[in-house]
Amino acid sequence: MRRKINIANFNLTFGADEEPMLSHFDDIVYPAFLSGIKKVGFNEFETSIFLHNVKIEKDYLDDYMLTGLIVKKTILEIKSQIEGDELIDTDYEYPTAPYSYFCINLKNHRMYLVKNQNGSPDIRTFQSTVLYILKEFVANKNKDIIDDVDKLPTPYLKIIGVPFKANINEELKKVEKISSLTFKFFPLNGDTDFSDSFENISNLRKNLDSKTGKIIYNSPKNIDSVADLLEQTRGTVDPILKVKYAGGDKESTIRADKLSEKINVEMDDEGLKEKNISKIQRTMRKSETLNDLKGNHTEIFEKYKNKILKYFK
């Protein structure tokens, strides 16, 4: 059994001052992950998505990881099936709970997610679920706090695949024309701005007190320069390319997850059990992308590591 794993940047900040994730690890992040809050549908028969078996682990490189499962509990309705060559109507349902394993490096907040099966939650589902849980947790806590100064700050989460040189080149080789190249900016959690080209734009966003911003380049012709720029982003901006592939008529969209580093891991048929998870962890730690410490990651970790250690057993 082979699993293809993408690496992403778990970029979480808090409040107007864009405080880094670890500054609120002990009063928001970890308690929220353990809270049992579920993202649910309108009734009990709708899908519910939640985190399970969350814990802090210390790996063989002595780095601290926030790990766990994201579970999608739902009921499948079976309205038809094939018996022999005949399509027949049926009317029954059964519960299912596909899940994925996540691992977030608490020093540089690079992460990966492994799907256990088809239908398991992906990175986008993980982002929307975690953001929902964080917001619900903060809102519930703030109900009992009268003074606005003492209230917990609002979370801002953006999970972006980290573009990888080989994948960028491979994908852009198929492209006949780039119609537009968009870079979306957001608050950074200890990452330095990826390029001097955008330093002024990032500073302007902050000076304007705006959480997000974007720039668009129309019909860039120098594909090699586009590839270099995408590699430099390192998951610190959200790139979107509108392209036409060679031999194609319709315009397509390329996002960061399509360009991100992908690592194949062989597992046995037991799926995401302890032995396979251990193998995945050791394999993934060999990735240079996952070990990226450019920026202020080390300083932030040293400043706030006691907020992690108080929970670690």
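Predicted model: local features only at pLDDT ≥ 70, side-chain atom pairs only at ≥ 80, totals over all residues.
Axes here are lines fitted to C-alpha atoms, for helices over the stretch in contact, and the angles between N-to-C directions run from 0 to 180 degrees.

Two packed helices are described by the angle between their axes and the distance between the axes. Take helix 3, residues 165-173, and helix 5, residues 223-233: their axes come within 9 Å and cross at roughly 150°. Angles over 145 degrees count as roughly antiparallel, and helix 3 and helix 5 are therefore roughly antiparallel to each other. Their crossing is right-handed. On the helix 3 side, the contact is made by Lys165, Ile168, Asn169 and Leu172, which meet Ile223, Val226, Ala227, Asp228, Leu230 and Glu231 of helix 5. Sorted by class, the residues of this contact are six nonpolar, one polar and three charged.

Now compare a second pair. Helix 1 covers residues 25-34 and helix 2 covers residues 123-142; they pack at an angle of about 115°, with their axes 9 Å apart. Here too the crossing is right-handed. Helix 1 brings Asp27, Ile28, Val29, Pro31, Ala32 and Phe33 to the contact, while helix 2 brings Val130, Ile133, Leu134, Phe137 and Val138. What classes of residue make up the contact of helix 1 with helix 2? Ten are nonpolar, none is polar and one is charged.

Next come the spaces between the atoms. Rolling a probe the size of a water molecule over the atoms shows where empty space is left. The largest pocket has a volume of about 620 Å³. It is lined by 25 residues, and those closest to its centre are Asn6, Asp122, Ile123, Arg124 and Asp257. Which elements give two or more residues to this lining? They are strand 1 (2-14), strand 8 (110-115), helix 2, strand 9 (155-161), strand 12 (238-245) and helix 6 (256-259). The lining of the largest pocket has eight nonpolar, seven polar and ten charged residues.

The second largest pocket holds about 260 Å³ of space. Lys165 and Glu231, which take part in the contact between helix 3 and helix 5, also line this pocket. By class, the lining of the second largest pocket has three nonpolar, two polar and seven charged residues.

Finally, consider the cavities. The structure holds two cavities of 30 Å³ or more. In the second largest cavity lies about 60 Å³ of space. Around this second largest cavity you will find Pro20, Met21, Leu22, Leu106, Lys107, His109, Asn189, His297 and Ile300. Five of these lining residues are nonpolar, three are polar and one is charged.

Definitions and conventions:
Residues numbered from 1 in each chain as written. Heavy atoms only, no water. 1 Å grid on protein atoms, 1.4 Å probe; cavity = no way out; pocket = protein on both sides within 12 Å on 5 of 7 lines; lining within 4 Å. Points joined across faces, edges and corners; volume = space filled by probe spheres on them. Nonpolar A, V, L, I, M, F, W, Y, C, P; charged D, E, K, R; others polar. Helix = DSSP H or I, 4+ residues; strand = E, 2+ residues; numbered from the N terminus. Parallel < 35°, antiparallel > 145°, perpendicular 65-115°, else oblique. Left-handed = near helix turned anticlockwise from the far one by under 90°. Contact = heavy atoms within 4.5 Å.
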